[in-house]
Structures are given as C-alpha cells and as structure tokens.
Amino acid sequence: MEKSILFLFILVTVSGFSQDSEYKVSSYLTEGTRAPNTHYIGDAWLNAIIHNDTELGYNITKATFKANSTLDWHKHGSPQVLIIVDGEAYYQERGKEPVILKEGDVIKCEKDMEHWHSSTKSNDVTYLALYDGGQPTTWTEVVTQEYYDEVARKLKSN
C-alpha cells in the first residue's frame with residue numbers, strides 16, 4: 001500500500017512538470033535585430049525584451065553597440081535607467097562632463113534630461129534600458145564623429 005501511494009505521488013508530481021507550458025519566455029541574451037542607422041553612428045542591435053506592456057508600465061530593451069558607435073543627443077518623457085551588462089560606454093548629460101560606464105554600472109537619467117550614450121572607442125557595450133514607452137524619444141542634436149572622438153581622447157587621458 002505504501003509503495004502504491006508513493007508511486008501515485010511521484011506520478012502526479014512528474015506529470016505536473018511535463019505539461020505544456022503556456023508561459024511567454026524570452027531572453028535578453030538574444031542579439032535582437034540590427035537597428036536602422038537613424039539617430040546614431042556605427043552598428044547597433046536592439047532586443048525589445050518587454051515592449052508596450054501596459055500592465056507593467058515600462059519597457060526593457062537590450063542594446064548592443066559595436067566599438068566606435070554612438071547615439072545622438074536625446075531625451076525621454078520619463079526617467080531612463082541604463083544597466084551596463086557588458087563592455088564599456090560613454091555617457092553624458094547636457095551641461096555635465098562625460099563619463100565612462102563599465103560592466104555592472106547602473107545610471108538613472110531623469111525625465112526630459114538631454115543626454116547621449118555610446119560604446120567606447122575600442123570596446124563594444126551591451127546595456128539594458130528601462131523606461132516608460134508611453135512617449136517617443138525626442139532626438140535633439142547629432143553627436144558628430146568629431147565630438148565623439150574629442151570625448152574619447154579626453155576620457156582616455158583621465
């Protein structure tokens with residue numbers, strides 16, 4: 001009798017794990033799709049991990065920029081958090097000095113703060129961006145190759 005009960009318990013437990021899953025599972029490890037070369041210089045890939053989820057109220061996008069690639073100056077209608085998961089990035093807010101962000105760094109950019117970010121001159125960067133997708137990004141000014149190179153020289157000498 002004990003063996004029968006044990007067998008039934010194991011059978012029920014195993015059958016519970018073998019059912020078809022209806023979960024939507026994605027991975028931030030997926031490279032994503034190559035971004036159209038619109039508001040940046042270089043090569044970039046985007047993976048919209050969570051996008052337009054009204055219940056959550058925010059988006060999570062994984063972005064990978066090859067070395068020597070940069071976004072233009074822009075701002076968001078909500079705060080944005082960048083989590084550097086691999087590589088190194090340049091980051092600058094309007095009126096402040098640029099900085100280098102490295103793997104593990106987390107930075108919050110306030111709502112409507114004009115800023116730009118990029119890979120460094122010699123390193124790719126991959127980051128997760130958390131933001132409210134209710135309002136589109138406002139692109140404000142092109143980051144020229146000359147400006148980017150100047151920032152790279154300045155940060156390399158520090």
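Predicted model: local features only at pLDDT ≥ 70, side-chain atom pairs only at ≥ 80, totals over all residues.
## Helix H2

Let's start with H2, which runs through residues 145-157. Its 13 residues reach 18 Å from the first C-alpha to the last, close to the 18 Å expected at 1.5 Å a residue.

Tyr-148, Asp-149, Val-151, Ala-152 and Leu-155 are the buried residues of H2. They sit on the same side of the helix, because they cover an arc of only 160° around its axis. An α-helix has 3.6 residues a turn, so residues three or four places apart point the same way.

The largest nonpolar core has 16 residues, and the ones touching the most other members are Tyr-40, Phe-65, Ile-84, Val-125 and Tyr-127. Strands E4 (59-65), E7 and E11 (125-131) each give two or more residues to this core.

Take Phe-65: beyond its neighbours within four places in sequence, its contacts include Tyr-40, Ala-44, Leu-71, Val-125 and Tyr-127. There's also a second, separate core of 8 residues, with Trp-73, Tyr-90, Val-143 and Tyr-148 among them. That last one, Tyr-148, is also one of the buried residues of H2.

## The largest pocket

Finally, the largest pocket holds about 550 Å³ of space. It's lined by 30 residues, and Leu-46, Thr-61, Tyr-131, Thr-137 and Trp-139 are the closest to its centre. Strands E3 (44-50), E4 and E11 each supply at least two residues of that lining.

Technical notes
Residues numbered from 1 in each chain as written. Heavy atoms only, no water. Helix = DSSP H or I, 4+ residues; strand = E, 2+ residues; numbered from the N terminus. Expected span 1.5 Å × (residues − 1). Buried < 20%, exposed > 50% of the residue type's maximum accessible area, 1.4 Å probe, protein only. Arc of directions from axis to C-beta. Core = buried A, V, L, I, M, F, W, Y, C linked by side-chain atoms within 4.5 Å. Contact = heavy atoms within 4.5 Å. 1 Å grid on protein atoms, 1.4 Å probe; cavity = no way out; pocket = protein on both sides within 12 Å on 5 of 7 lines; lining within 4 Å. Points joined across faces, edges and corners; volume = space filled by probe spheres on them.
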